[in-house]
Amino acid sequence: MTFTDGLLLLLLFGGGFALWNLSDLIEAKEQEIRERTRKQKLENDREEQRMKQEQDGAASSTGA
């Protein structure tokens, strides 16, 4: 094996490791986005429920 062959082999494995590492980073970011989306949906659902209860309370107090 020549020096050039060794260098090309090193670059090949280094590139493969970089892609594998990048894949892990992308997967972690996707998980973070899914979690943030889930939390935002829960927060929005709670806010909608609160607004509905306020409207129901206002309607029942004016109707009574």
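## Along helix H1

Arg 50 counts as partly exposed, at 36% relative accessibility. That value comes from a predicted model, as do the others below.

Start with the partner of Arg 50. Its side chain meets that of Glu 47 in a salt bridge, at 2.4 Å from N to O. Glu 47 is also partly exposed, with a relative accessibility of 36%. Why can these two side chains meet? Arg 50 and Glu 47 are 3 residues apart in helix H1, so about one helical turn separates them. There is also a general point about charge. Side chains of opposite charge can pair when their charged atoms come close. The cut-off for a salt bridge is 4 Å between the nitrogen and the carboxyl oxygen. The 2.4 Å between Arg 50 and Glu 47 is within 4 Å, so the pair counts.

How many salt bridges does a search of the whole structure find? The search finds 6. Two more of them are worth a stop.

Move to Lys 29. The side chain of Lys 29 forms a salt bridge with that of Glu 32, at 3.6 Å from N to O. Both residues lie in helix H1. They are 3 residues apart, about one turn of the helix. Lys 29 is partly exposed, at 43% relative accessibility. Glu 32 is partly exposed too, with a relative accessible area of 39%.

Glu 32 has another partner. Glu 32 forms a salt bridge with Arg 36, and the closest N and O atoms are 2.8 Å apart. Glu 32 and Arg 36 are 4 residues apart in helix H1, so about one helical turn lies between them. Lys 29, Glu 32 and Arg 36 are linked in a network of salt bridges.

Glu 35 lies in helix H1 as well. Glu 35 is partly exposed, with a relative accessible area of 28%. From Glu 35, look along the chain to Ser 60. The two residues are 25 residues apart along the chain. Their C-alpha atoms are separated by 37 Å.

Now turn to the aromatic rings. A search of the whole structure finds 1 aromatic pair. The pair is formed by Phe 17 and Trp 20. The ring centres are 5.7 Å apart, and the planes are at 55° to each other. Why is this pair called tilted? Planes under 30 degrees apart count as stacked and those over 60 as edge-to-face, so 55° falls among the rest, the tilted ones.

Phe 17 and Trp 20 are 3 residues apart in helix H1, which covers residues 3-63, so about one helical turn separates them. Are the two residues buried or exposed? Phe 17 counts as partly exposed, at 48% relative accessibility. Trp 20 counts as exposed, at 53%. The line between these classes is 50%, so Phe 17 and Trp 20 get separate labels.

The last stop is a surface patch. Phe 3, Leu 7, Leu 8, Leu 10 and Leu 11 form a nonpolar patch on the surface. Together they have about 580 Å² of accessible area. Take Leu 7 as one of the members. Leu 7 is placed in helix H1. Leu 7 is partly exposed, with a relative accessible area of 40%.

Conventions. Residues are numbered from 1 along each chain as its sequence is written. This is a predicted model: local features need pLDDT of at least 70, side-chain atom pairs count only at pLDDT 80 or more; totals for chains, interfaces and linings use all residues. Side-chain values use heavy atoms; hydrogens and water are left out. Rings of Phe, Tyr and Trp (its six-membered ring) pair if their centres lie within 6.5 Å; planes under 30 degrees apart count as stacked, over 60 as edge-to-face and the rest as tilted. Helices (H or I, at least four residues) and strands (E, at least two) are DSSP runs, numbered from the N terminus. Buried means under 20% relative accessible area, exposed over 50%, partly exposed in between (1.4 Å probe, protein chains only). Patches are made of residues with over 30% relative accessible area and no salt bridge: like charges are joined within 9 Å, nonpolar side chains (Val, Leu, Ile, Met, Phe, Trp, Tyr) within 5 Å. Accessible areas come from the Shrake-Rupley method with a 1.4 Å probe; for residues, only the protein chains shown count as cover.
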